[in-house]
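Subject: Structure handover

Hello,

Here is the structure I promised to pass on. My notes follow below it.

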Amino acid sequence: MTPTPSPRVTLYTYFRSSCSARLRIALALKSLPYTSVHINLLKGEQTGPENKAVNPSATVPTLILEFPSTETGSTTKTVTITQSLAALEYIEETFPTQGASLLPPTSNPEERAIVRTLSSIISCDVQPVTNLRILKRVAPFGVDRAAWSKDLIEDGFAAYEAIAEGSAGIFSVGDTISMADVCLIPAVWGAERVGVDLAKFPTIKRVAEALEREATVREGHWTTQGDTPDEFKA
């Protein structure tokens with residue numbers, strides 16, 4: 001099999017975006033260097049013309065890969081992905097032997113299904129209802145944003161815990177980092193900000209502690225980004 005040429009990778013990102021963090025960690029795991037384009041969500045830059053030109057959903061992240069010709073070096077194909085789970089799947093399928101695998105081997109479809117299930121709990125049940133856009137929508141109704149987020153995160157974590165307690169080894173599914181962990185750890189960072197007690201979720205807590213020791217996870221942490229305000233930098 002001819003190896004995939006190394007692309008030029010660009011990531012539209014925000015330091016505290018959990019979806020962006022998923023891709024920062026995954027790109028580190030896959031040893032894919034990238035250039036960051038910082039989109040400040042608090043300033044509304046996600047709805048500006050630059051970001052909407054690449055991401056019609058007016059969100060982050062956006063992953064852009066420009067693949068060079070093996071003969072001339074000029075760009076022959078540009079791939080733009082505007083949803084983090086789709087981007088994670090694409091990275092794994094395009095670079096299956098580079099760096100860490102984000103999914104168990106195809107010979108183990110059951111474990112692959114568990115990884116995808118856990119990833120979806122975070123990306124479908126937890127993140128969408130606790131993101132900035134939704135928090136702004138519920139604020140006029142007098143909703144306490146932190147309490148709203150805490151309750152919904154705990155509901156999602158309870159579901160994650162119930163499945164992961166049967167699948168986890170060192171990490172969420174066995175002893176290697178997977179797409180599930182890449183989705184989980186940014187959600188844990190968000191959970192800690194709103195006062196979720198991880199002791200209620202011992203499997204998640206143990207897995208998160210193991211993930212925090214990984215250099216690739218620290219590389220994607222919100223305190224280590226180029227757009228992290230100085231007062232928050234690690």
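Thr 130 is found in helix H4. Helices here are DSSP runs of H or I with at least four residues, strands are runs of E with at least two, and both are numbered from the N terminus. Thr 130 is buried, at a relative accessible area of 17%. Buried means under 20% relative accessible area, exposed means over 50%, and partly exposed lies in between (1.4 Å probe, protein chains only). Leaving out residues up to four places away in sequence, Thr 130 touches Leu 135, Ser 149, Leu 152 and Ile 153. A contact is a pair of heavy atoms within 4.5 Å.

A word on the basis. This is a predicted model, in which local features need pLDDT of at least 70 and side-chain atom pairs count only at pLDDT 80 or more, while totals for chains, interfaces and linings use all residues. Residues are numbered from 1 along each chain as its sequence is written, and side-chain values use heavy atoms, with hydrogens and water left out.

Now the helix itself. H4 covers residues 109–130, 22 residues in total. From first C-alpha to last it reaches 31 Å, close to the 32 Å expected at 1.5 Å a residue. The expected span is 1.5 Å times one less than the number of residues. H4 has a kink of about 25°, centred on Ser 120. The bend at a residue is the angle between axes fitted to the seven residues ending there and the seven starting there.

Which residues of H4 are buried? They are Arg 112, Val 115, Leu 118, Ser 119, Ile 121, Ile 122, Ser 123, Val 126, Gln 127 and Thr 130. They pack against helices H1 (18–29), H3 (84–94), H5 (132–138), H6 (145–167) and H7 (179–193).

Take H6 next. H4 and H6 pack at about 175°, with axes 9 Å apart. Axes are lines fitted to C-alpha atoms, for helices over the stretch in contact, and angles run from 0 to 180 degrees between N-to-C directions. H4 is therefore roughly antiparallel to H6. Angles over 145 degrees count as roughly antiparallel, under 35 as roughly parallel, 65 to 115 as roughly perpendicular, and the rest as oblique. On the H4 side, the contact includes Ile 114, Leu 118, Val 129 and Thr 130. On the H6 side, it includes Trp 148, Ser 149, Phe 157 and Tyr 160. The contact residues divide into 14 nonpolar, 5 polar and no charged. Nonpolar covers Ala, Val, Leu, Ile, Met, Phe, Trp, Tyr, Cys and Pro; charged covers Asp, Glu, Lys and Arg; the others, Gly among them, are polar.

H1 also meets H4. Their axes come within 11 Å and cross at roughly 150°. H1 and H4 are therefore roughly antiparallel to each other. Ser 18, Cys 19 and Arg 22 of H1 meet Ile 122, Ser 123 and Gln 127 of H4. That contact has 2 nonpolar, 3 polar and 1 charged.

Then the backbone. Most residues other than glycine have a negative phi, and most peptide bonds are trans. Ser 31 is not a glycine, yet its phi is positive, about 55°. Ser 31 is exposed, at 52% relative accessible area. Ala 58 has a positive phi too, near 55°. Ala 58 lies in the loop between H2 and S3, and counts as buried at 15%. A cis peptide bond joins Val 60 and Pro 61, with omega about 5°.

Best wishes
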